[in-house]
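This report describes a sheet and a pair of helices in one model. Please look at the sequence and structure first.

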Amino acid sequence: MDSAEWLQARTRIKSPKIKHMLIPEDKVKEITAAAEADLLGVIASSVKLTKRGKGYIGLCPFHNERTPSFNVNPEKQVYKCFGCGQGGRTAVNFVMQYHRLTYIEAIRWLANHFNILIL
Ligand SMILES: [Zn+2]
């Protein structure tokens, strides 16, 4: 496998052990495909959601609120808070925003979530 096949970005995790570990591109594809197929599941692992109409609604994880305005629509592959405006289209985006991670860290988080072995 040549270097072009490896994702160039490196983790910003401080641990020297994994600092320089790169994730093979096919693994990134496998992980993002799994995340794409289960946007709802990824968000539901962090936010309590209730079915409403075609979508799901819950208390926004990005701002304090008492009445739910955080919406997830698995059909349209989108999540959006109508209170603070935070939203996105992919589970990777959600994990980055919710856990405050870089892209690579989010990929690792999702790999762990889906039990996908990176190495
Ligand atoms: Zn919000």
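Which residue in β4 is the bridge partner of F70? The partner of F70 in β4 is C81.

## Basis of the model

This is a predicted model, in which local features need pLDDT of at least 70, side-chain atom pairs count only at pLDDT 80 or more, and totals for chains, interfaces and linings use all residues. Residues are numbered from 1 along each chain as its sequence is written.

Helices (H or I, at least four residues) and strands (E, at least two) are DSSP runs, numbered from the N terminus.

## The sheet

Five strands make an open sheet in the order β1-β2-β3-β4-β5, with antiparallel pairing. β1 (49-52) and β5 are the edge strands, each with a single partner strand, so one side of each has no neighbour in the sheet. Two strands count as paired if DSSP finds at least two bridges between them.

β1 is joined by four bridges to β2 (residues 55-58), and the two run antiparallel. Within this pair, K51 has Y56 in β2 as its bridge partner.

## The hairpins at β4

Four bridges also join β3 (residues 70-73) to β4, again antiparallel. Their hairpin has four residues between the strands, and Q77 takes a positive phi near 55° there.

On to the next pair: β4 and β5 run antiparallel and share two bridges. K80 stands opposite G87 in β5. The hairpin of β4 and β5 has five residues between the strands, and in it G85 has a positive phi near 90°.

In α4 (residues 91-99), the buried residues are A91, V92, F94 and V95. They lie on the same side of α4, because they cover an arc of only 160° around the axis; the arc is that of the directions from the helix axis to the C-beta atoms. Buried means that 20 or more other C-beta atoms lie within 10 Å of the residue's own, with C-beta atoms placed from the backbone.

The cover over these buried residues includes α2 (25-37), α3 (39-44), β4 (78-81), β5 (87-88) and α5 (103-113). After α4 comes R100, with a positive phi near 55°.

## Packing of α4 on α5

The axes of α4 and α5 are 9 Å apart, and the helices pack at an angle of about 105°. The two helices are therefore roughly perpendicular, a term for angles of 65 to 115 degrees.

From α4, A91, V92, V95, M96 and H99 meet Y103, A106, W109 and L110 of α5. Contact here means C-beta atoms, placed from the backbone, within 7 Å. By class, this contact has eight nonpolar residues, one polar and no charged.

Technical notes:
Buried ≥ 20, exposed ≤ 12 C-beta atoms within 10 Å, placed from the backbone. Contact = placed C-beta atoms within 7 Å. Axes fitted to C-alpha atoms, helices over the stretch in contact; angles between N-to-C directions. Parallel < 35°, antiparallel > 145°, perpendicular 65-115°, else oblique. Nonpolar A, V, L, I, M, F, W, Y, C, P; charged D, E, K, R; others polar.
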